[in-house]
Amino acid sequence: ALLPLLQRQRASRWCWAAALSMALHAHGVAAAQEDLVRLWFGAAVNEGLAPGQLLQLAARRWTDAQGQ
């Protein structure tokens with residue numbers, strides 16, 4: 001059932017945001033690419049992340065639709 005989770009990256013340097021958004025959605029956490037970019041950069045800028053930065057962002061506490 002991965003097909004419904006697939007999404008295109010919404011900006012040329014947002015492969016990290018698309019990948020993290022899909023991973024979070026697979027775990028019940030709704031996180032749009034734009035929201036992830038704003039969370040990290042403070043604005044929806046077309047920027048990439050280094051692997052360590054992506055790990056830091058992914059490792060934070062996320063809340064699913066049930067509040068867990």
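Arg 38 is partly exposed, with a relative accessible area of 41%, where buried means under 20% relative accessible area, exposed over 50% and partly exposed in between (1.4 Å probe, protein chains only). Arg 38 forms a salt bridge with Asp 35, and the closest N and O atoms of this pair are 3.6 Å apart; a salt bridge here is a side-chain nitrogen of Lys or Arg within 4 Å of a carboxyl oxygen of Asp or Glu. Both residues lie in helix α2, 3 residues apart, which is about one turn of the helix, and Asp 35 counts as partly exposed at 42% relative accessibility.

This is a predicted model, in which local features need pLDDT of at least 70 and side-chain atom pairs count only at pLDDT 80 or more, while totals for chains, interfaces and linings use all residues. Residues are numbered from 1 along each chain as its sequence is written, and side-chain values use heavy atoms, with hydrogens and water left out.

## Salt bridges between separate parts

A search of the whole structure finds 3 salt bridges. One of them joins Arg 10 and Glu 34, whose closest N and O atoms are 3.1 Å apart. Arg 10 lies in the segment before α1 (15-26) and Glu 34 in helix α2 (residues 33-41), so this pair ties together parts that are 24 residues apart in sequence. Glu 34 is partly exposed, with a relative accessible area of 22%.

Arg 13 forms a salt bridge with Glu 47, with 3.2 Å between the closest N and O atoms. Because Arg 13 lies in the segment before α1 and Glu 47 in the loop between α2 and α3 (51-58), the pair ties together parts that are 34 residues apart in sequence. Arg 13 counts as partly exposed at 42% relative accessibility, and Glu 47 is partly exposed too, with a relative accessible area of 34%.

## The chain as a whole

The protein chain has 3 helices and 0 strands, where helices (H or I, at least four residues) and strands (E, at least two) are DSSP runs, numbered from the N terminus. The radius of gyration of the protein chain is 12 Å, close to the 11 Å that the globule rule gives for 68 residues, so the chain is as compact as a globular protein of that length; this radius is taken over C-alpha atoms, and the globule rule is 2.2 Å times the number of residues to the power 0.38.

Of the 68 residues of the protein chain, 25% count as buried.
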